[in-house]
Amino acid sequence: MSGQYAIIMDNVNKWYGRFHVLRDASLTVARGERIVICGPSGSGKSTLIRCINRLEDHQSGRIIVEGRELTRNVRAIDEVRREVGMVFQQFNLFPHLTVLQNCTLAQTWVRKRPKAVADKIAMDLLDRVRIADQAHKYPGQLSGGQQQRAAIARALAMEPKIMLFDEPTSALDPEMIGEVLEVMVELAEDGMTMMVVTHEMGFARKVADCVIFMDQGEIVERAPPERFFNNPQHERTKQFLSQILSGH
Amino acid sequence: MAKRASAHRGPPDRPWGPLILDWLRDNLFSSVTNTLLTIAAIAFIYVVVPPIVNWTIVDAVWSGTGRADCIGEGKGACWPFISARSDQLIYGQYAAAERYRVDIVYLLGAIGLAWILIPRLPGKFWAGLGMATVFPVVAYLLLSGGVFDLPVVPTERWGGLLLTLLISVVGIATSFPIGVLLALGRRSNMPIVSLLCTCFIEFVRGVPLITLLFMAANVVPLFMPQGVSLDKLLRALIVISLFSAAYMAEVIRGGLQALPRGQSEAAAALGLGYWKTTFLIVLPQAIKISLPSIVSSCISLLKDTSLIATIGFFDFLQIIKAGNSDPAWSAPNVAITGYLFAALVYWTLCFGMSRYSAYLEDTVAGGKVGAGKL
Amino acid sequence: MSGQDDVAARLPPPGVAFWGDPRLRGFVFQAIVLALVVWLFWTMASNAGDALKRSGQATGWSFLWNTAGFDIGFKLIDYTARDRHIDVLVVGLLNTLMIAGLGIVLATVLGFVVGIARLSPNWLVSRMAAAYVEFVRNVPLLLWILFFYLALIPILPPVKQAISLGDTLFLTNRGLYMPKLHWTEGAIWIVVALASAIVLWVATTVWARRRQTATGRRPPDLLIGLALVIALPVAAFFATGAPVSLEFPELKGFNFQGGLAILPELVALLFALTIYTAAYIGEIVRSGIEGVSKGQSEAASALGLSRGQRLRLVVIPQAMRIIIPPLTSQYLNLTKNSSLAAAIAFPDLVHVFAGTSLNQTGQALEILAITAAIYLTISLTVSGFMNLYNYATRLKER
């Protein structure tokens, strides 16, 4: 029965030293489901999704991704990471490789694909995110929006089953946010299972199946977007929404 | 149509005339202090430079066969001394008939170095590996003989530029990979590995090289099993290599620390394990960051080779020093000429290396890493 | 969303496979490494033990109390050939520390001058400083030492024609002979007085700074400090009955006797160490000052601070943070480089203890171990203080 769920988190707790950063976090993500996580800074939302591909480890509770449980077992972690793609706030493209090489590196070394195959897959993806003409440039020569789209292509090149986004547009200038969100919306409409940490509420309204609000390490509220934005149940959710939406 | 009066006007004319006067005024005479400094500097140059030029070129002796040609009033540098000893300077006391072997080694070394140093040539990793492993063995076999019917030449007779360059090149080639491993080990999560690497690095850096060389000469033979003896030059080479590796490790560790954590996180998220992340993503960038310091470490190694004289080897500097006591050339200006020539050779090599480092920074490290900052 | 609680409950319990567990793998690997290292040391020790037994070489530390049987050309304390090897060690160590101390002071002064000259707006001055750095750094220190030694000897006159100042200072090609301070009983109190004066000076400076932040005006701590440093030792001098006297050099036979001899080897060594290390210090100072962003100076000017205040209160404190770690590295390098004194036979720790004593007694293992331990102690102590300083002055961030 774990087969129908992409991600299962059961009572996950994490501490940084004495700081309790994730408290009894439980959630499930079905295949093809799109989850948006929002909350104030320090609420643990980035930590939550970083636990899913074991960039952070959890001290108690269980996390099962695509049927594999995340423990100290290195083999399981590697298998999970092959199936989960991640896009970072700071892009983290490899500056000493071209955009194309960024996208083929993991294909060659992890999925062991031959160069021709990897190159074709990469070029198709770069085309899909509309930066095919930048393929032979170095990341430093691209704009922020282009770099983030390249990062998305790099993650997609591994053909993951789940995509995680950790505040993908927070480091971008306002005029470039749109192009990245556009790519993410297309990805969602193609049926990718996604977990997105973001402040872009427009994106949430448009694409999310479920919006989760976190505060101080706890999952406070989760609901489909219509109910979440129009009729939030918890006081803290209402407070957060009024703060974040008042500026727009 | 008439242009608007405010468009396309040049800057107002400077009152003092052409550009060079402006430059002089701004850079040398802009204030009273500056003017005084300029005058003092010019005076200093006037006092120091012409006598040196006189001594080394104008009044120098350019040909001759012995001390008689160099002794006398008003005679400057004694250059024939250098050419008379040039064989020893290049080959040490290597048997004359066998010098072609040294030439072969020089050639191999030059090819290997050129392969590594010219940026455009591919396969750098293999060239570096070759220089660190294959070249020392081949050089050793060729130079010391005993194989392929080559007569044996003991390491005590190796000397001069041969010895200096051999130790430098082999030392640099071997200390770099060892330094990388030490740096990675020091940053390891495994406490014992980290502790061992840290202790080794701190011990080697805390002690002068001379002490380590004395240990190589006197103490290391004690630690070998009975009947096994390691050639003294080999011991010295190992010590120099480990010495340089410790400093290299600290330099590379600085580069590793300067790399943003997001790089290894992104690699991990893509499924690359520790070793692949380290060798494909982290190390290339860390080395580029610390490249100037790495070259600086290599320059220091070249200079430190002069210390093997203290354990009885005749490196380039020592041969020049020994030449000072040659009775055929005994004259006061001879010794100074010798040291001047030595300084020139070392300076050319070291300065060349630092220029190369600057060139690398501009082209390879600056270019590929991207227009923006890392 | 509702079924999730029982979903987790129906899953099989977790477990970790053996080879996948990184903790276990790390443990096994470290155990192997440790075993290898221990085996290596054990083999080395037993080989050494066998080799020493076979050669009949004496071992142990008792040699330190044997008579050395040789004189030392330069000594800061009384020493004769009848003294023991451990005294040789002390004399060598004091010489090394003296060279290091003098070298550090001189190199720092010259280095700061060169570094600031590099940044001078005067084109000639900055280029000359750059030429100095590029020229000096690319020649081995050993060559500098040999060169200065060579250059110095012909310039100085022989003993019989010594240049003298009054009848107390004599300059010859065997050295500069000057009066020596002769310590007797009670002289230690002068040292104590000096040390206390320095401590009081530091305390005065701290107090003065506090008064300044509290009231805006600063008491004259510099003058007070200087007065203390002069007055206290002088008072101790007279209080203990003037236990320090001067010993003058006198020409007896072929050379001077008595007094303190500054050997040309020492002068050459100091010259070479100073100019060599100063080149490196100059670059460190330059990059330190350049490393402070221009915005800092601009903000300081905008606040109305004068150029001197800007430098003293804003730029230099930040520059020092960049300068001090590599500066201490250079100090340690200078200390270690002083061991090159062996090349011109100046009696520093390495030449006299790890050289002559080693040749006399043949106990290389013990002697080199002691020598390495001494240098290691110096290095680790200085590095330790530097780490403390770094920690105390680090920019506190979120």
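1. Contact here denotes heavy atoms within 4.5 Å. On that criterion, 48 residues of chain C touch 49 residues of chain B. The model is predicted: local features need pLDDT of at least 70 and side-chain atom pairs count only at pLDDT 80 or more, while totals for chains, interfaces and linings use all residues. Residues are numbered from 1 along each chain as its sequence is written, chains are lettered from A in the order in which they are written, and side-chain values use heavy atoms, with hydrogens and water left out.

2. The area buried between chain C and chain B is about 4,300 Å², with carbon and sulfur atoms giving 76% of it; this is accessible area (1.4 Å probe) lost on putting the two parts together, summed over both. By class, the side of chain C that touches chain B has 35 nonpolar, nine polar and four charged residues. Nonpolar means Ala, Val, Leu, Ile, Met, Phe, Trp, Tyr, Cys and Pro, charged means Asp, Glu, Lys and Arg, and the others, Gly among them, are polar.

3. Between chain C and chain B the count of salt bridges is zero, the criterion being a side-chain nitrogen of Lys or Arg within 4 Å of a carboxyl oxygen of Asp or Glu.

4. Within chain C, the axes of helix H3 (residues 85–118) and H11(C) come within 7 Å and cross at roughly 160 degrees. H3(C) is therefore roughly antiparallel to H11(C), a term for angles over 145 degrees. Axes are lines fitted to C-alpha atoms over the stretch in contact, with angles from 0 to 180 degrees between N-to-C directions; helices are DSSP runs (H or I, at least four residues), numbered from the N terminus.

5. The residues of the contact of H3(C) with H11(C) comprise six nonpolar, six polar and no charged. Among them are His85(C) and Leu89(C) of H3(C), and Phe353(C) and Gln360(C) of H11(C).

Terms used
Helix = DSSP H or I, 4+ residues; strand = E, 2+ residues; numbered from the N terminus. Parallel < 35°, antiparallel > 145°, perpendicular 65-115°, else oblique.
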